[in-house]
Amino acid sequence: MKLHSKDILGMKELTPGEILLILDTADSFAEVSTRDIKKVPTLRGKTIINLFYEASTRTRTSFELAAKRLSADSINISTSTSSVVKGETLIDTARTLEAMNPDIVVIRHSASGAPHLIARMVRHSVINGGDGFHEHPTQALLDMLTIRRRKGSLKGLEVAIIGDIAHSRVAHSNIHGLTRMGCRVTVCGPAPMIPRDVEQLGVSVTCNMEEAVRNRDVVMMLRIQFERHRASFPSIREYAKFYCLNEERLALANPGALVMHPGPINRGTEIAPDIADGMQSVILEQVTNGIAVRMALLYLLSGGSP
Amino acid sequence: MNKVVMDGEEIERSITRIAYEILEKNRGADALIVIGIRTGGVFLASRLRDKISAIEKREIPFGILDVTFYRDDVTKMDNKPKPGRTDIPFSIDGKKVVLVDDVLFTGRTIRAAMDALIDFGRPKMIQLAVLVDRGHRELPIWPDYTGLDLPSSLWENVKVHLFERTGKDQVVIEEEG
């Protein structure tokens, strides 16, 4: 069993069979993180570089722990302390890193398509750690693993994705992934935050949150991407009034519906604190499963012939 | 050409004999743990555990070990083996672990299994039980309990079929080609 490409650039590029392979592999890797000694020798001698052009706590930490638990060597480069501040271009940085013979480079960049550009130029594997508004495939995979471990299967589940759909790479990756695996997906948000023609990706659209939540098995909330709204955000209070997941709204969902959020959460804006910390919330499980998914990807991409 | 070298009854008798040998060598079942190596060793280990538990009239702990993470060849492979779940829900510190596999061949799986076990704790000792020892070792590893010594040639394939997986109990030699 293998992935068809040397890179993981987006959910759009993955087949259902590949998604299944990644999730099954991640299921086995999850056990390693529950041990006293959280380390296996599988990727000894492999080098993994995390090249992050945007702020990140959980994704970068998660990739770093995944690499370390597989005994690979991992290096973090954050651009504020690198030669990027001296004016080096993305391509020059990528070529320089390639000359140091890494096996896998994880790239996060504010420009959509940056990891794809690099992947075409280098021999090593590239994993997209989030590019602009485009994709964040490892987040979608860890979301799918979390849902599958709770619900047993993805097929036929009703999933609502609510918030700033247009600016959310998490939403885009989940739409591609979840629809591919047989979920019925509804996206919801204020009209300016819904991308035009999003229906063509096979999802339903509504601007009414009650309608979006009613009879869902999974309610996935998104963070308002304040940093991507250059013009000032109209009104946080108004947004929260219509789109904050609170107790009354969650009660409309199916019993036992999962509440998800990719983090970091804005408490009281898109999700009420008692819901974020409540019985139905799997927000912290998402974080735990993120390490397993990233271990699986590093494992599946490492070695062999390029 | 397939040749049956063990039938269901013979497999059953081997497991019974190995169960008594384990109890004899360890003077009972104190601190004994049975761990099956995925995938071939799991059902054998479970039968062996049931047999020992029945003789001793108490439950012997049973675990499952997947050695994929510890193999010495995975990073060289394009088609990665799909790792299975390891399930050892108890401490192995100070315990006598009986590792169980279906066929002992090069010994590399057992090397990986021992490395994996030691990451779980410090067992008092590790013993090895196999249904078939087909020879051709590449590492200095020897079984403590063997169902059948089967000198084989390298172009033959020794397959253990168990009821739990394939619906029948049988050990066969398959010739390639």
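Visitor: Which element gives the largest share of the lining of the largest pocket?

Guide: That share, five residues, comes from strand E7(B), which spans residues 156–161 of chain B. Helices (H or I, at least four residues) and strands (E, at least two) are DSSP runs numbered from the N terminus. Please keep in mind that this is a predicted model, in which local features need pLDDT of at least 70 and side-chain atom pairs count only at pLDDT 80 or more, while totals for chains, interfaces and linings use all residues. Residues are numbered from 1 along each chain as its sequence is written, chains are lettered from A and ligands numbered from 1 in the order in which they are written, and side-chain values use heavy atoms, with hydrogens and water left out.

Visitor: What makes a space a pocket or a cavity?

Guide: On a 1 Å grid over the protein atoms alone, a cavity is a set of points where a 1.4 Å probe fits but cannot get out, whereas a pocket is an open set with protein on both sides within 12 Å along at least five of seven lines; lining residues have an atom within 4 Å of a point. The largest pocket has a volume of about 840 Å³, and among its 30 lining residues Arg38(B), Asp101(B), Asp102(B), Val103(B) and Thr109(B) lie nearest its centre.

Visitor: How many residues of each class does the lining of the largest pocket have?

Guide: Nine are nonpolar, nine polar and 12 charged, where Ala, Val, Leu, Ile, Met, Phe, Trp, Tyr, Cys and Pro count as nonpolar, Asp, Glu, Lys and Arg as charged, and the others, Gly among them, as polar.

Visitor: Why is the pair of Phe29(A) and Tyr299(A) called what it is?

Guide: Rings of Phe, Tyr and Trp (its six-membered ring) pair if their centres lie within 6.5 Å, and planes under 30 degrees apart count as stacked, over 60 as edge-to-face and the rest as tilted. The centres of Phe29(A) and Tyr299(A) are 5.3 Å apart and their planes stand at 65°, so the pair is edge-to-face. Phe29(A) lies in helix H1 of chain A and Tyr299(A) in helix H11 of chain A, so the pair ties together parts that are 270 residues apart in sequence.

Visitor: Is the phi of Arg27(B) positive or negative?

Guide: Arg27(B) is not a glycine, and yet its phi is positive, at about 50°; this residue lies in the loop between H1 and E2 of chain B.

Note on methods: Points joined across faces, edges and corners; volume = space filled by probe spheres on them.
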